[in-house]
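Let's walk through a structure together, one feature at a time. Have a look at it first, and then we'll talk.

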Amino acid sequence: MAVFCCAKCGATLTPDLRALDAVPDVSTHEKDRDRKTGLAPSTVPPGHYALDPEPWGAPFVAPGPGDAGGGDDDRALLMPPDMTGMISAGPRDTVIVHPDDVPGLRPADGLGKHHGCCGPLGTGGRNMACGACGTLVATLAADCMGPHELHLDPVRVWADLSSRHLAPTRLT
């Protein structure tokens with residue numbers, strides 16, 4: 001179990017979350033989308049988190065020799081037209097959480113071309129701020145055409161693994 005906190009001010013950002021062994025596969029098929037919002041199911045279920053070992057998010061670069069261009073899996077981000085085919089050179093080991101597990105974050109201003117028809121694309125860098133101090137700590141991808149996930153920046157957020165956050169367990 002872990003509680004994630006803002007590295008700048010120490011504010012608690014999440015409740016206790018349980019680690020997943022790997023980033024889950026997620027369906028972006030039309031039948032699995034939320035009927036009201038059009039969003040794909042969240043990559044991580046509520047109450048859990050997963051470490052993404054792959055580079056994710058901004059900055060984006062042109063693929064080099066041997067790199068796959070742009071990604072075509074269900075978690076590939078929808079890219080603005082001038083970024084088509086680019087690949088992530090963003091941080092590794094971002095923490096993916098369910099967006100509803102971080103209610104104290106607030107959207108950053110000015111997404112510009114990085115906003116799709118239904119929400120942020122996740123291509124413009126950190127777009128969610130700590131509600132306590134305003135530091136940009138996470139990137140939300142929540143457009144109807146891409147994945148629905150929230151990545152906590154591994155430099156701007158830290159995990160509190162102390163037992164004070166753990167619920168007592170009953171031994172039988």
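**Reading the features, one by one**

A: Let's start with Asp-93: this residue is partly exposed, with a relative accessible area of 42%. Keep in mind that the model is predicted.

Q: What is the phi of Asp-93, and where is the residue found?

A: Asp-93 has a positive phi of about 60°, although it is not a glycine. You'll find Asp-93 in the loop between β5 (87-88) and β6.

Q: Which two residues does a cis peptide bond join?

A: For a cis bond, look at omega. Here, omega is about 0° for the bond that joins Ala-58 and Pro-59. Pro-59 sits in the loop between β3 (48-52) and β4 (60-61).

Q: How many disulfides does the structure hold?

A: To call a disulfide, we want two cysteine sulfur atoms within 2.5 Å. This structure holds zero. Take Cys-5: the closest cysteine sulfur, in Cys-6, is 8.7 Å from its own sulfur, so that's too far for a bond. Cys-9 isn't in a disulfide either, and the nearest cysteine sulfur, that of Cys-133, is 3.7 Å away.

Q: Are Cys-5 and Cys-9 buried or partly exposed?

A: Cys-5 is buried, with a relative accessible area of 3%. Cys-9 is partly exposed, at 37%.

Q: Which charged side chain is nearest to Asp-101, counting those of opposite charge?

A: That would be Arg-18, 11 Å away. A salt bridge needs the charged atoms within 4 Å, and Asp-101 has none, yet it is buried.

Q: Where is Asp-101 found, and which residues is it in contact with?

A: Asp-101 belongs to the loop between β6 (94-97) and β7 (106-107). Setting aside neighbours within four places in sequence, its contacts include Leu-13, Leu-17, Pro-45 and His-48. Gly-47 is also one of its contacts, and a polar atom of the Asp-101 side chain lies 2.6 Å from the backbone nitrogen of Gly-47.

Q: Which residues touch the most other members of the largest nonpolar core?

A: A nonpolar core is a group of buried residues joined through their side chains. The largest one has 21 residues, and those touching the most other members are Phe-4, Leu-13, Val-97, Leu-105, Val-137, Leu-150 and Leu-152. Two or more residues each come from β1 (3-6), β6, β9 (136-141) and β10 (149-152), with β9 giving the largest share, three residues.

Q: What is Leu-152 in contact with?

A: Leaving out neighbours within four places in sequence, Leu-152 is in contact with residues including Phe-4, Val-97 and Val-137. There's also a second, separate core of six residues, with Phe-60, Leu-77, Met-79 and Ala-141 among them.

How values were computed:
Residues numbered from 1 in each chain as written. Predicted model: local features only at pLDDT ≥ 70, side-chain atom pairs only at ≥ 80, totals over all residues. Heavy atoms only, no water. Helix = DSSP H or I, 4+ residues; strand = E, 2+ residues; numbered from the N terminus. Buried < 20%, exposed > 50% of the residue type's maximum accessible area, 1.4 Å probe, protein only. Lys, Arg positive; Asp, Glu negative; His and termini not counted. Polar contact = N/O pair within 3.5 Å; in protein donor to acceptor, adjacent residues only side chain to side chain. Contact = heavy atoms within 4.5 Å. Core = buried A, V, L, I, M, F, W, Y, C linked by side-chain atoms within 4.5 Å.
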